[in-house]
Amino acid sequence: ISLSLFTGMLIWFIAGNMLSDSNYHSTETPPVSVIIAIRNGEDALPKLLVDLSLQDYTGELEFILVDDHSEDSTKQLIEEMSTKDKRFKYESSVNGDSSLNYKKRALDAGIQKARSEWLLFSDADCRLKSTWVRGMASYFNQDVDYVVGYSEVERGTRLVTRFQSFDFLMLMIAARGTTNSGKAWASSGQNQAYRKSLFEMVEGYSLIANKLQGDDSLFLQICRKQNSAKVIFADKPECRTIARQEKTWRAFIKQRMRWAGDANIMWEFNVSFFLSMLTTFLLPLLLLVTFFAGIIHDPYYFTVFIKFLTLHFILEYILYFVGARKLAKPIQFIDFCLWFIIHIPYIVLMGIGSFFANQLIWRER
């Protein structure tokens, strides 16, 4: 049953990835407010300021950088930049909705200050191409409410960075497939955009005020459920962002455990998505069970393991191949094999770790 459900899900992802975004390109340049929440970002901030200052967008543009109770020189760096370039605006998370906590409160403060209808988001430790705003804005059509942007992690040379890069690519491919099929399931705060009027219509983050995260995928589900928002996936290479690498397995696992915290509450917002994540957890778990049962108890179970593993491998590779081609990414078969092998115990670990997400420390919190 688990394999059947998982197979159906992957086929749906594959079908969605066969589609493109060609119907949503626009040459208009509407006003855009870029909002980035920053917590103790003095190390990454100089590069971010340079990336933002080099944006080649010809429309009206403002950069609202929200200091989220930083304990370093973040505030000073933002204020210095705002005196040099009037597009840069300093804001404090203190001015956000008091019912919200951490990043959501910081983003709320930035959204309240924004003058534009279109809000564009990224993270402080992302690298942005000079074409980023222009590329994302090309999707801001009249009938579009929400744009899911593409983000990636550089491959690097370590096993952890190669796995991280490939795993993030597969997450993006899955997000692209669901979005193109008209049932967007996921987005990333590293690269997304939506209308300010949409944010206000769904009463901002009020429904997820007490959640650990939720400013991207959970908020996307609220927009789809309450307002039937039109969501599209941005394919263009010029509007892609580069996310931070986690250089150690410990840091990487902690990051993904925080992300997995959304999974345990997704049933409140999207039952189908929750069931898909449950299936994604159960299949690797059952594969591990049959593997060890075949070694310890009865060789028959090892035969079952091989059959299920083979079908799983074929389906995942088809999804990867189709998605990578559509995103103009090179096919890396060795990386796929490494990812596939590690991914089985990794998913089981994340499923268990998701129950401890609230206990993790992030940015000294």
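A salt bridge is a side-chain nitrogen of Lys or Arg within 4 Å of a carboxyl oxygen of Asp or Glu. The exercises below apply to this predicted model.

**Exercise 1.** Determine which parts of the chain the salt bridge between D215 and K103 ties together.

*Solution.* 
Step 1. The N to O distance between the side chains of D215 and K103 is 3.5 Å, and the cut-off is 4 Å.

**Exercise 2.** Classify D215 and K103 as buried or partly exposed.

*Solution.* 
Step 1. Buried means under 20% relative accessible area, and exposed means over 50%.
Step 2. D215 has a relative accessible area of 7% and is therefore buried.
Step 3. K103 has a relative accessible area of 22% and is therefore partly exposed.

**Exercise 3.** Locate the partners of the salt bridge between K329 and E152.

*Solution.* 
Step 1. The closest N and O atoms of K329 and E152 are 2.7 Å apart.
Step 2. K329 is in the loop between helix 11 (299-326) and helix 12 (333-353), while E152 is in strand 7; the two are 177 residues apart.

**Exercise 4.** Identify the edge strands of the sheet that contains strand 7.

*Solution.* 
Step 1. The open sheet has 3 strands in the order 5-10-7, with mixed pairing.
Step 2. Strand 5 (127-128) and strand 7 (151-153) each have a single partner strand, so they stand at the edges, and one side of each lacks a neighbour in the sheet.
Step 3. Strand 5 runs antiparallel to strand 10 (residues 241-243), and 2 bridges join them.

Technical notes. Residues are numbered from 1 along each chain as its sequence is written. This is a predicted model: local features need pLDDT of at least 70, side-chain atom pairs count only at pLDDT 80 or more; totals for chains, interfaces and linings use all residues. Side-chain values use heavy atoms; hydrogens and water are left out. Two strands pair if DSSP finds at least two bridges between them. Helices (H or I, at least four residues) and strands (E, at least two) are DSSP runs, numbered from the N terminus. Buried means under 20% relative accessible area, exposed over 50%, partly exposed in between (1.4 Å probe, protein chains only).
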